[in-house]
Amino acid sequence: MDQNVEEIQQKLLKFGCCRVCAVRHLTKPSTINVKTLIAASEQDHNEPKRLKNNPCIACLGLFQNPQYDNIINKIISYLKTSDYDSDTFNLAFNLPMCTIIRGHSIALYVSKLRISFNPTFPTAFVCAKDAWKLMAEDAIVKATGKRFDVHSPLLVTVGFHYNDTKDECDCLNAIIKLSNKNLQNILSQMDNKDFVSQYGEMPAITESTIEFKSVEARHESVYIAGRYNKWSRTLSQTPWIVDQERRLESSVEEIISEPLKKHALVDEFRFSSSGREDIDVRMLGRGRPFAIELVNPKRTKFSYEVMREIENEINIDPQVTVKHLQGINKSQLKELKSGEEFKIKVYEALCYVEGELPDLDKLNKCTPLEISQFTPIRVLHRRANMSRPRTIHSMKATATKVGIDNGCSFFNVIVSTQAGTYIKEFVHGDLGRTNPCLRTILGNNTVDILALDVLDIEIDWPTPVKY
C-alpha cells in the first residue's frame, strides 16, 4: 500500500538523511530532476541542522557543506591546471563500499513503507554518484569551459576515504563475500531478510564523514600513423637493450616518438609497425607503415599544420625520414597487422660469389618458388624452432660489375616475397635450414650477402597525405 511521499521523506530526515538523499531515495532514475535536487540542497543548507554533529546516514556528508563545495573546487582546480585540451569530460566516483550498502538499506526501508515487505520488490533509486554529478555539472562546466559528456574520452576520477568502511562491511562479510566490483549485483541477489538481520533496518548514525582523497584524469589513447624510411645500417627499429644495458644510442622508435611525446604531453607510448628490418638493413621506397599509440595524452588536437611541424622535427635526424603523419582511430590500427603473413615485400640484396658469376638466369626463371625456412640460427634464442613455408613471388638478378674483384663476383637480386621471409637466409641457406636458397639454385656454395635493403611493403596504409 502506497504511503504519502512527504511522510516517508520526513521519516528519512528524522533518521538522519540529508534532504538531498531523502529526495533521491524517493525518485526513480528515469524521473530525476536536477532542479529538485539543487533546491533540496539549498533548503538543507539554510535550515537549522538536524543531528548537526553527524553526517548524513546515506551519503556520509557527500552532499553536505563544506565537503560538497570542497569536492567541486578540487575538480575545477584540477581541470584548469592539468593541461588536458579535451573540450569535454566525464566524472567517475570511487565511493567507499559502505555508501552502497547504506543506500541499499535505505531503499529496502522505503520499499517496506510503500508496500508490505516483499523480497522481489524493485528498489531503484538515484544513486549518490549520479545525483552528485547532476548537481555539480553546471558549476564545473561554467568554471572550466568543458562540456560534461558521458561519452567523453577524458575521464576524471574522484577518490574518497571513509575511516569506518571495514567495520561497517564486516557484518555482511560474515555471510557473503563483498567486493567493490560486484557489490551492487551481490546486494540485489541477496535475500532482503538476511540483509536486514545482519545489517539492521536502517544505517547507523556515524560521526565519521566521507573524505576527499584524490582527483586524477585519464584520456583515451590517441593513435598516430605514418610511414618511415631508415637510411642507416647501424640503427635498430626499437631500443636495443640487453641485460638492462643499452647497446645502441637510439632507435627508429625513439627518433619518431620523442617529438610526438613532446607535443602530446605523454609519458608512455606504444610503437607498432608492419614488420621490422634488421639493424643493418635500410628501409627505402615508400617507407614502412607504422603507428604510435599515445597513452593518456593531454594534447590531442593535431591539425594538418601541426603534423607537418612534427614531421619536420623528426626529419632533422639524418637516419630517419617520416611522411604521411596523421591521426587514425583504433579500428584502423587493425589494418596494420591484418593478414601480415600474406603481404608482399620487396627487397634488394647485394650478393657475391667466389670466382666467376654463375648463370643468373637460373634465378630469373625459377619463380614463383615455394621454400621452407626453419627458424634462423641467429634468432633461435628468441623464437621457436619451427619450419615455415614461404613464397618467393619473383626475382630479378643482375651483375653489378664486369670481371672479378678480390677473387669475387658481385650481383644484385630484387626479390618479391611473402612477408615473414628471411632474405639473408634465403641467400646463403643458413646451413641448410632454408631450402631451396640462392646457393642451391645457382649450384654454388660460396654465394653470400653483403647488404640488404627493403624497397617496398605493398600495403596502401595509411592514406597518403596531400602535401
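Reader: Which residues form one aromatic cluster here?

Author: Tyr68, Phe93, Trp132 and Phe160 form one aromatic cluster, where rings of Phe, Tyr and Trp (its six-membered ring) pair if their centres lie within 6.5 Å, and planes under 30 degrees apart count as stacked, over 60 as edge-to-face and the rest as tilted. This is a predicted model, in which local features need pLDDT of at least 70 and side-chain atom pairs count only at pLDDT 80 or more, while totals for chains, interfaces and linings use all residues. Residues are numbered from 1 along each chain as its sequence is written, and side-chain values use heavy atoms, with hydrogens and water left out.

Reader: OK, and how many aromatic pairs does the structure hold?

Author: The structure holds 9 aromatic pairs. Among them is the stacked pair of Phe271 and Phe290, with 5.9 Å from centre to centre and 15° between the planes. Phe271 lies in strand E8 (residues 268–273) and Phe290 in strand E9 (residues 281–295), so this pair ties together parts that are 19 residues apart in sequence; helices (H or I, at least four residues) and strands (E, at least two) are DSSP runs, numbered from the N terminus.

Reader: Is Phe290 buried or exposed?

Author: Phe290 is buried, with a relative accessible area of 0%, and Phe271 is buried as well, with 15%. Here buried means under 20% relative accessible area, exposed over 50%, and partly exposed in between (1.4 Å probe, protein chains only).

Reader: And what about the rings of Tyr352 and Phe410, how far apart are their centres?

Author: Their centres are 6.4 Å apart and their planes are at 45°, so the pair of Tyr352 and Phe410 is tilted. This pair links distant parts of the chain, with Tyr352 in strand E11 (residues 344–354) and Phe410 in strand E14 (residues 408–418), 58 residues apart. Phe410 counts as buried, at 16% relative accessibility.

Reader: Switching to helices: at what angle do H3 and H6 pack?

Author: Helix H3 (residues 34–46) and helix H6 (residues 128–144) pack at an angle of about 85°, and their axes are 9 Å apart. Axes are lines fitted to C-alpha atoms, for helices over the stretch in contact, and angles run from 0 to 180 degrees between N-to-C directions. H3 and H6 are therefore roughly perpendicular to each other, given that angles under 35 degrees count as roughly parallel, over 145 as roughly antiparallel, 65 to 115 as roughly perpendicular and the rest as oblique.

Reader: Which residues make that contact?

Author: On H3 the contact is made by Val34, Leu37, Ile38 and Ser41, and on H6 by Ala131, Leu134 and Met135, with contact meaning heavy atoms within 4.5 Å.

Reader: Now the backbone: where is the peptide bond cis?

Author: The bond from Asn65 to Pro66 is cis, with omega near 10°, and Pro66 sits in the loop between H3 and helix H4 (67–81). The bond from Thr367 to Pro368 is also cis, with omega near 0°, and Pro368 lies in the loop between helix H13 (361–364) and strand E12 (369–374).

Reader: What is phi of Asn296?

Author: Phi of Asn296 is near 55°, a positive value in a residue other than glycine. Asn296 is in the loop between E9 and helix H11 (304–314) and counts as buried, at 18% relative accessibility. Asn406 likewise has a positive phi of about 55° without being a glycine, but Asn406 counts as exposed, at 75% relative accessibility.
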